Each structure stands twice: as C-alpha cells, then as structure tokens.
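Student: I'd like to go through this structure with you, starting with how the chains meet. Could you take it slowly?
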Amino acid sequence: MTIFRQIWEAFVTSVKGFDSPRQLALGLTLGMMIGLIPKDSLLPFGIGLFALLTNANLLTLLVSGLVFSSVGPLADPITHPLGHWVLTYAPFEPAWIWLCQVPVVPWTRFTNTVVMGSLVLGVASSIPVYALSAQLFHNYGNALLSLVFNNRVAKWLIGSSQPKTQEQIS
Amino acid sequence: MMRLSYLIPRLIILSLFVLAVWAGSDPLIQRAVIKNMENAIGAKVEIAQLRTSSNKQKLFVKQLAIADPRDPLKNMIQADMVYLELDPQSLLERRIVIENSQTSQVVFNAPRTKPGSLDGSSSSHSDQPSWQPKSFEPIETLGRRWLDQLPISNELPPAQNHFSLLVTAKTYNDFWTKELASQKQSISALRSRTKKLKSVAENNLQNPLRPNKLDSGSVFTEVTAKSQLLSKNLIELENALLKHRTALKAAYKNDLSKLSQPRDSASFDGEAVTKLLLTKAEEKNINEIVEWFHWFRSALPDPHSDFRPSSERGENIVFQRANPKPKFLIKTINLAGEGRFANRHASFAGSANHLTSQPELHDQPASFELRAQGGEHHIILTCVLDRRGDSWKDTLKITCPDLEIDGQQLGERNSMLVTLGPQSRIQAEVDLQAIDDQLSGNVIFRHSNVSLHVDQLNDLAGGSTAALRMNQAIGNLKRFETRVEIGGTVDDYTYKLESDLGEQFAKLANGALSDDNENTERKRKLALKQVYDRQIEKLEKEVIPQIRELAQLLEDEVYEIANIKDIIPSSNSRLPRIR
C-alpha cells in the first residue's frame, strides 16, 4: 500500500504544481497550443507528449487545453487564411512536399489550413503568452493558487495541504 | 535532473494512455472508421462489431451496412462479414489501402428500415430519375408493318375458275347450244313450209279449176329467201366455229402465260422477318444488359457529386508534386452472393478492384469481375469504370459461353407468331463502352439447337396452309446469329438489329411455298390443257357434225325448193285467172 500511496501523493503534488511561475506559464502555453489545434491531428498528442516530458504544470496544461479547445474554432477565420498562406507560400513548398513523404507525418494533417494556421499561431504566440503568463503568475500566482485550492472540492480531490508559496520555492 | 515526483505521474499518465489505446483500440478504430467513412461518403455507416488482429493489419467487420448517399432508404452495400487486410506502409502515410478483402453475403441496394442520411431525412439527394427500361415500338406496329411490306406478287396463282379459257368455253358452249337449236328449228320450219308449198303447187297443177287460195309465188319467194338466210346463217356459224377455235386457243395461251408468269418467290423478306421475330425478344435482352451497365455505373458513386463529405475545418492543400495518392483504396474486394442474371437466379463470385474515393489520384480504373453460376449456366462479366480523367470511360464485357433458354414466342399474333422451342441454347458476347453518357458497342447472340414453329400466320401471308408448309421447311433451321449495334446515350439508347434468322427463315419458307406453287402451276396447266382439248374435241365431234347435218338438211331443202320452182310457173300459166 505504501508504494501506491507514494504514487498517489506524487501525482497529487504534480497536479497541485510547483509554484514556479515559469512552469505554470509553460503548462498554460502548451495547453494553448493543444487547444488551438484540431484534435483529429497527431500534433496535439505530440505536444501533449512533449508536455509530459517537461516540468510543465499539468493542471494549467489541462485547464488551458480545455479553454482553448472550446474557443479554438472561433479562431478559424484567422488560422485558415494564415495556414493557407503558409502552405501555399512557394519557398516552403519543397519542405511540405518532403514532409508529405515522411512516414507518420501525414497523420499530423499539417496540410490542413486550420491545423497549420493553428500551429503557426500557437508557435508564434507561445513566447509572448509564456512571458506574459509567467509575469502574471509571478504577480498574482499566490492569490490564484489560494483561490483554486482553498475550496472543498479541491481539498477533497487533492488533500488539505496548501501549495508552496513563491517565497518558499525560491 | 528531474525529480521522481515529476516523473512518476507522467509515467502513470503515459501508461494509462497507452493502455487505454491498446485495450480500447477496437472500439476506437470502429468509431474512427465509421466517422471517417461517414464524413467521406455523407451517409450512415453501420458496423455491428470490429476486431483487429494483434498487429492491427487485419480487420474483421461484422454486419457492415453503408447507406446510399443518393437514396437514404437503401444500402449501397451491405455484407454479413468483411475481412480486410490493410497495407501497413500506407497506414504510415495516412492512407487506408486495403490490399485484399473477403466478404460474405453481399447485397447491393438492399432496402433500409431507417433513413441512411446523416441528418435523418429520407429524401433522395439525387435529382436524376432512376433508370427505366426503354420501350420501343409496340409489337403490334411491327406486325402491321411486316404485313404492309409483303409484296403484291406474293399472291397465289389465279384460281382455276378465274381462267379465261373456262369463261370462253362456257360462253361459246352456251352460244352453240342456242344457235344450233335455233338453226335446227329454222330449217325444220323451212322444211314444213317447203312441203306445204310443194303440195299446193302439185294440187294446182292437177286441177287448175280449183286453184288453192295460197299464193304459191309469194310463198316460193319467201321460202327461197328463208333458205338463203339460213344458208347465210350456216356460213356465219362456220365462221363462228373458226372464231371459237381461235378464241379458245388465245384464252388457253393467255392462261398458260398467266400461270407461267415469273413470280417473285421472295414472299418473305429476310430483314422484315428478323425485325418482326427478334425485335421484342432481343429488346428485352438489350434492356437487361443496358440496365446492368447502368447499375454498375451508378453502383460506384461519383465522389465529386454523390458523396457529401461533412464540412471540415479548413481546407486540405494537395501538393501535386508530392505525387498524391488516394486516401482510401480497396485494391481487391472478393465478393460472393446471389442475384439474378439473364432472368435466372444465380450465385455469383468475383471481385471488385481498385475502388477509391479519389480515382483521379490512382493509376488503375475501378473494375468488377464477376462470374455468375446457376446450375449449368455460366456468365462471365467484366465492368471497368474509369473515372480518372475529365470524362467517364466505362466498359462492360459479358461472355456467356452456353446458356439454355426457356421457350418463348416470337413475332405477333395478328401477323406471324413463331414459337422458339425450349432447350435452345444461346451464346452471348456483350461489348459496351460509354464515354460520359455516350453509349456504343455491340451485342452478339448465337442461338443453337433451335426449334421454330409457326403457330399463326395472317391470311395475307398465306394463312394456316402456308404456315403448315413453312413448318415442314423451317424445321431445318437449327442455328442463327443476331448482332445488335447499340448507340445513343445510356439513358436513351438506340439499337440496330441484324440477324441471319430472317434470311434463313425467309429462304426456307419461300422455298417451301415456291415448291408448292410449282406443283399447283403444273396441276393447273394440266387441267387447263384438258379443258382446252375437251373444248376442241367438243367442237370437232359435236358442233361440226351438227353444222354439217344442218347444212345437209338445208341443202336438201334448197334442192326441194328448186324442184318446186319448176312446178310453180306451169301451174300458174295453165289457165288464166278468172276475174
């Protein structure tokens, strides 16, 4: 039982997150990219796998992914022309042709204008989003964490222990 | 270095994900297949169960039903069991290529209980009316036309009572009977008158004081005139005799020439007989063949117009230089089922090849190769549907090496009705092409072991007597070949029928009727000669002796009158008349 308890605590700890604003921001940024890209592509799953390999906060990843998935189709008027331009831009064409012939890559559906547009939009906005969210988490992280974890549901789900504060981490 | 508390939950999530994918792959694949196919076709796809092999390269599908996007109340195809073998290399390229597949209990166009459209409506997407068998001229019109084209010379030789010899003979016979009797009567009257004149003259001579009141002079003059008239009549009769002979001879010659007149023996025209006998029968076959072709052409939906893919976010850019290939391709699907071929229930087996949702990206046209077998019957069918270019190029080839057909009636009751007996066999070769809607090609039917019998024949064509004679002759007709050239469009096709049946039939029938005519002609000539000879004999043995006899009688009377002439002047001059 000890081993399972340890595993559960480790899982809860990871969800509660490390209080580093950068990790929270990374989770939010990767979640945004996952959310924006249509799910019938292999790309969100690849990004999700990449997120698992980093120390990104899984909770912000999950919340961000859900939020951007619901608002993602609203961005189609931007992502479709953007993806169309990228895919039909002649200098890039040899690269796309080469990618078309690489096994597994076609499952990413990168030749779809919305997928490509969402990817480009996600990648392009990742640095500003990361920087902005890191700053926000730095300034308002503690208040946000208290808001999130100081309720009955959160306590029931992940226990009563309070997350570490910014100062405790540093 | 990443801490264990980071790693463990991530490993757990990954493991759970992999486990979920591995354990739930079949339902996931089933859902994915249904979703993708529905999106591609635009109609409901139902799969009762889907199982995959351990390496995910083989799929077993139970109770597959794909609704027809053009007619939601029908299934385009349904099968009890489908086994699919996927090409793994193509899967890596996000293409579903089915290398080989087996099906069982395949049914095409089966009705559905619930609408198969994705929006649940039962209205048909297709604006085109379903194909209807083409109807050409009614058989009654063909029969009437056949009768109309029968040549006038087909009339039989004149009937015996229409011979002019007989008419002439009868006329003169009546004439002779009447004239000879009249002459005889006149001569008798002359004789009695002469006799009286003679007795008066002799009496006057013996007793001049008691002369007879009768004026012997005037009587003598009358009798003389009468005898002269009768002589003249007899001469006229002799002339009439000559005329009679000449008339009989002329009539006989005329009748002979009528009988010998060259008659067009082609009572039946081959082409017209072919049209009458085969048009309806072959029309039915051609309708069925074109219907098959139509069915095959419509069985393969047009991805550009029939499929209604679900709206997708964005647009898929196709890079032509990347040598794109179809996303969905069935290289071979083996079919086995049951259906109707050539109006017979038959089990069929074969394959459909190169079926794809993007034919323009594939190097092979779609094709169906089917072999239908029902009892001894055997039909091989190959249909190629080439939708790779801008225009559709489809071909249908059917070979039927040997098919026994049921007895059937050919022609039409009011003109000529012929029974094609059972157990006749047919060998068929069909070769049709269609470029877009333009149809061309030909169909060859080779009939063998044929037995024909004329059941009914219109009186204009000789009636039952001629039918009887024809039946004796057409028993020799054992095989014939029909060639049909097809043109026009698939929905409104035309055809031209050529067959040696008509020629053979007409030749045999005309031969039989011609032989019959010759026999009749010979008999009639003989009868005519007998009539002529009898008439001449009658003239020589009956009329001429009677004329001679009358002439003799008249001559006696003339002699008698001449004697009386000697007596009359003396009797009148013996004493002067007392005043």
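Student: How many residue pairs are in polar contact between chain B and chain A?

Tutor: The count is six residue pairs, both residues at pLDDT 80 or more, where a polar contact is a pair of N or O atoms within 3.5 Å; within protein, one must be able to donate a hydrogen and the other to accept it, and residues adjacent in sequence count only if both atoms are side-chain atoms. This is a predicted model, in which local features need pLDDT of at least 70 and side-chain atom pairs count only at pLDDT 80 or more, while totals for chains, interfaces and linings use all residues. Residues are numbered from 1 along each chain as its sequence is written, chains are lettered from A in the order in which they are written, and side-chain values use heavy atoms, with hydrogens and water left out.

Student: And how many salt bridges cross that interface?

Tutor: The rule, a side-chain nitrogen of Lys or Arg within 4 Å of a carboxyl oxygen of Asp or Glu, finds one between chain B and chain A. Asp76(A) and Arg313(B) meet through their side chains in a salt bridge, at 2.9 Å from N to O.

Student: Which element gives the largest share of chain B's side?

Tutor: That is α1(B), with nine residues; helices here are DSSP runs of H or I with at least four residues, strands are runs of E with at least two, and both are numbered from the N terminus.

Student: What area is buried between the two chains?

Tutor: About 2800 Å², of which carbon and sulfur atoms give 65%, counting the accessible area (1.4 Å probe) that two parts lose on being put together, summed over both. Of the area that chain B buries against chain A, Arg10(B), Arg313(B) and Phe319(B) supply 26%, more than any other three residues.

Student: Switching to helix α5(A), which of its residues are buried?

Tutor: They are Asp76(A), Thr79(A), Gly83(A), Val86(A) and Leu87(A), with buried meaning under 20% relative accessible area, exposed over 50%, and partly exposed in between (1.4 Å probe, protein chains only). Seen down the axis of α5(A), these buried residues fall within an arc of 100°, taken from the directions from the helix axis to the C-beta atoms, so they line one face of the helix. On the other side, Pro77(A) and Ile78(A) are exposed.

Student: Last one: is Ser351(B) buried or exposed?

Tutor: Ser351(B) counts as buried because its relative accessibility is 10%. Ser351(B) is found in strand β7 (residues 344–356) of chain B, and its side chain makes a polar contact of 3.4 Å with that of Asn353(B).
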